[in-house]
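This report concerns charged side chains and their partners. Please examine the sequence and the structure shown below before reading on.

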Amino acid sequence: MERLCYKEDKAIHTPVLPLETLAALSPRAGGRYLDGTLGLAGHASTILHAVPECELCGLDRDEEALVFAREKLAPFGSRVHVFHGVFSEFPGALEELGWKNVDGALLDIGVSSLQLDEAQRGFSFTSNGPLDMRMDQHADRPSAWHWVNRESFARLKECIATLGEEPQAGRIARAILDARQKASINTTAELAALVEHAYPPSWRAKARRHPATRTFQALRMAVNDELGELRRFLDRILAYLPIGGRLVVITFHSLEDRMVKQAMRHWAEGCRCPRYVPVCVCGHEPEVRILYKKPVIATQEELAGNPRAGSAKLRAVEKIAEARTV
C-alpha cells in the first residue's frame, strides 16, 4: 500500500515498510525479482535503486496504476518488465520473459491511495462515488453494485461476516435487502449511510471507526477475489524460487495474514507423518526458513508520515530445499 500526495504537481509515492522490505528481500547484483503488486512502483523503485545490476518483473491488475508505474520506472530502462494482470498469473509473465525462476518475490496486498482517494473507483465510504470497487475496471466480473443489489441475503451476510469479520453482518445484510426493494443502491454514500443506520445506536456511540469500514472491506475483497488470488499465488510461487530465493508478503487484513502465516509454517515443517506413526516415513524436509518469528510492523516514525501503514504486517521466508515427492 502506498500513500499518494502531491508536491509541486508531482506525485510522491511512499511505499509501506520500504527499508524492512529491502532487508527481507535482500536483492543482489544480477538477480531477477518479481513484484506481484506493482501499484505505484514505490517498492520496485526502491529495489532497483538499491541494486543497479538487477532486473524486475512487475504485475498489477489496475491499469491506471500501471500508467504511474511505467512513468516512475522509465529511468531504469530495460531492467524493468511491466505486465497487466493479477499476481497469481505471474508464471505467464515469467514465461514470456524466458525466466525459469526469480531470486525473490514481493507482494504488498493493500489498496493503494490511488484507489482509495479517487471517488470514481468506489472503494471509499468517505467520498461519494459509484459502487464499483474493481481493481481492474475492465475485468469481466461483478462490481460491488452487483453484490449489493443482486446477491441473496445469505451470500451478503456470509461475505460481510467472513471477509469483513463484522459482528453486525446479519443486520447490515437485512438493511441492504430492505432498502433495495424500494430502489437500487447506487453510490458509496448511500451504502455507507445504510450500514451506519443498521448499527445499533449503542454500537455507533462506541465505534472507534466508521461502521461501514468492515462492510466496504468485505465487498472489496469479494469483488476482487483477494483471498483466492493469494491462495493461488502461494500454491505456485515456491516452485519458482531457487535455493536461497526469498518471498516477502505484506498484508493488511487478518485473514490474509493468517493464510500467509499458515502457508509459510507449512513450508517450514519437517516430518508430516501422522502423530500415531512412531518413525518418520514421509522423508519430508523443511523447504524454507522463516526469517522473522513475528511479523514486522511499521515504526512510530513511519506511522507519523503514513497512518495507513498501521495494519501492515510483513512476513518473509528463504527457500532452503526443493520439495521432495515420495
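How many salt bridges does the count come to? The count comes to 12 salt bridges in this model, which is predicted.

**Salt bridges**

| Pair | N to O distance |
|---|---|
| E55 and R32 | 3.8 Å |
| R134 and D132 | 2.7 Å |
| R289 and E318 | 2.5 Å |

E55 and R32 form a salt bridge whose closest N and O atoms are 3.8 Å apart. Because E55 belongs to strand β4 (residues 55-60) and R32 to strand β3 (residues 32-35), this pair ties together parts that are 23 residues apart in sequence. E55 has a relative accessibility of 24% and therefore counts as partly exposed. R32, at 31% relative accessibility, likewise counts as partly exposed.

A salt bridge also joins the side chains of R289 and E318, at 2.5 Å from N to O. R289 is located in strand β8 (residues 288-290) and E318 in strand β9 (residues 313-319), so the pair ties together parts that are 29 residues apart in sequence. The relative accessible area of R289 is 40%, which makes this residue partly exposed. For E318 the corresponding value is 16%, and this residue is buried.

Elsewhere, a network of salt bridges links D225, E229 and R232.

**A buried arginine without a salt bridge**

R79 is situated in the loop between α3 (63-73) and β5 (80-84). This residue is buried yet has no salt bridge. Why does R79 have no salt bridge? A salt bridge requires a side-chain nitrogen of Lys or Arg within 4 Å of a carboxyl oxygen of Asp or Glu, and the nearest side chain of opposite charge, that of E53, is 6.5 Å away from R79.

Which backbone oxygens does the side chain of R79 reach? A polar atom of the R79 side chain lies 2.6 Å from the backbone oxygen of V51. The side chain of R79 also reaches the backbone oxygen of P52, at 3.0 Å.

The surroundings of R79 include both of these residues. Leaving aside residues up to four places away in sequence, R79 touches L48, V51, P52, E53, C54, E55 and L56. One of these contacts, E55, forms the salt bridge with R32 described above.

Terms used
Residues are numbered from 1 along each chain as its sequence is written. This is a predicted model: local features need pLDDT of at least 70, side-chain atom pairs count only at pLDDT 80 or more; totals for chains, interfaces and linings use all residues. Side-chain values use heavy atoms; hydrogens and water are left out. Helices (H or I, at least four residues) and strands (E, at least two) are DSSP runs, numbered from the N terminus. Buried means under 20% relative accessible area, exposed over 50%, partly exposed in between (1.4 Å probe, protein chains only). Lys and Arg count as positive and Asp and Glu as negative; His and the chain ends are not counted. A polar contact is a pair of N or O atoms within 3.5 Å; within protein, one must be able to donate a hydrogen and the other to accept it, and residues adjacent in sequence count only if both atoms are side-chain atoms. Contact means heavy atoms within 4.5 Å.
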